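These are notes for a colleague who is new to this structure. Please read them with the model open.

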Amino acid sequence: MKVAVVGATRGMGRAVARRLAERGDALFLLGRDAAEMALSALDLEARGAPARVSHARLDLGQPAGFPEALDAADRALSGVDALVVTGGLFARQEELATDPARLAALLHANFTGTVLLCQQAAERLAARGGGVICAFGSVAGDRARRSNYLYGASKAGLAVFLDGLDLAYRDRGVRVLCVKPGFVRTAMTAGLPVPPFAGEPEAVARAVVTAMNHGRHVVYAPAVWRWLMLIIRALPRAILRRVRF
């Protein structure tokens with residue numbers, strides 16, 4: 001595959017990009033930090049990417065730059081056939097609740113920006129016969145909880161969009177995958193209490209690439225979160241009001 005990856009410089013995005021490089025996919029990186037992308041490109045080339053890994057600027061908070069970034073990826077790869085969006089913002093609930101500017105930035109990147117990017121990519125892929133879009137949501141979007149409802153809201157909206165995008169575009173050859181990680185040990189979660197069933201980026205990457213290969217539209221990673229969230233979604237609201245998680 002020829003894959004454009006948003007957010008391949010750290011955490012789960014880096015792990016997914018490495019997994020794709022190791023199996024021989026041609027890659028193009030999109031992100032905000034040119035220096036970090038250049039280092040990641042060298043790493044991916046050393047891990048088996050079949051050609052030079054180039055990069056271009058893309059900020060999920062600045063949708064005006066999306067067409068130019070997608071054009072750059074198409075030129076470098078002679079036509080992208082997959083887009084992987086792992087980038088996004090995260091902050092603690094107490095920080096978001098008291099900082100409107102930070103909350104607005106998170107909502108814009110995690111929902112509005114990602115939706116606009118994926119929609120534009122879907123149109124491009126459909127026009128050339130199909131492809132794959134993979135974007136990272138979160139188990140936090142499956143059910144509102146007092147501890148992370150603001151971040152969760154951004155991911156809940158994204159999950160609904162990705163589900164609809166898959167329904168609307170699959171007949172045109174575009175497959176859409178929503179990744180729903182549980183707690184994963186990355187720099188983003190450093191300092192937070194580590195719950196049971198915490199995952200590692202490499203394991204998430206394996207699950208994501210397998211799901212892409214099999215044309216799935218949702219994947220939980222680690223897989224146990226599918227069953228945990230099934231239980232949490234089924235809990236009566238009265239119970240959620242009494243427990244603190």
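1. The model is a predicted one.

2. The strands concerned are β2 and β3, which pair in the parallel sense over four bridges.

3. Both belong to an open sheet of seven strands, with parallel pairing and the order β3-β2-β1-β4-β5-β6-β7. At its edges are β3 (54-57) and β7 (218-221), each of which pairs on one side only. On average, neighbouring strands of this sheet are turned by 20° against each other, direction ignored.

4. On the helix side of the picture, α6 lies across β5 and β6. Relative to β6, α6 runs at about 155°.

5. Next, the nonpolar cores. The largest has 36 residues, and those with the most contacts inside it are Leu30, Leu58, Leu117, Cys118, Ile133, Leu162 and Leu165. Two or more residues each come from the strands β1 (2-6), β2 (26-31), β4 (82-85), β5 (131-136) and β6 (174-181), and from the helices α3 (66-77), α5 (100-127) and α6 (149-169). The largest share of this core, eight residues, is given by α5.

6. What is Leu58 in contact with, leaving aside its neighbours within four places in sequence? Its partners are Val6, Leu30, Gly31, Arg32, Phe66, Ala69 and Leu117. Of these, Leu30 and Leu117 are also listed with Leu58 among the residues with the most contacts inside the largest core.

Definitions and conventions: Residues numbered from 1 in each chain as written. Predicted model: local features only at pLDDT ≥ 70, side-chain atom pairs only at ≥ 80, totals over all residues. Heavy atoms only, no water. Core = buried A, V, L, I, M, F, W, Y, C linked by side-chain atoms within 4.5 Å. Buried < 20%, exposed > 50% of the residue type's maximum accessible area, 1.4 Å probe, protein only. Contact = heavy atoms within 4.5 Å. Pairing = 2+ DSSP bridges. Axes fitted to C-alpha atoms, helices over the stretch in contact; angles between N-to-C directions.
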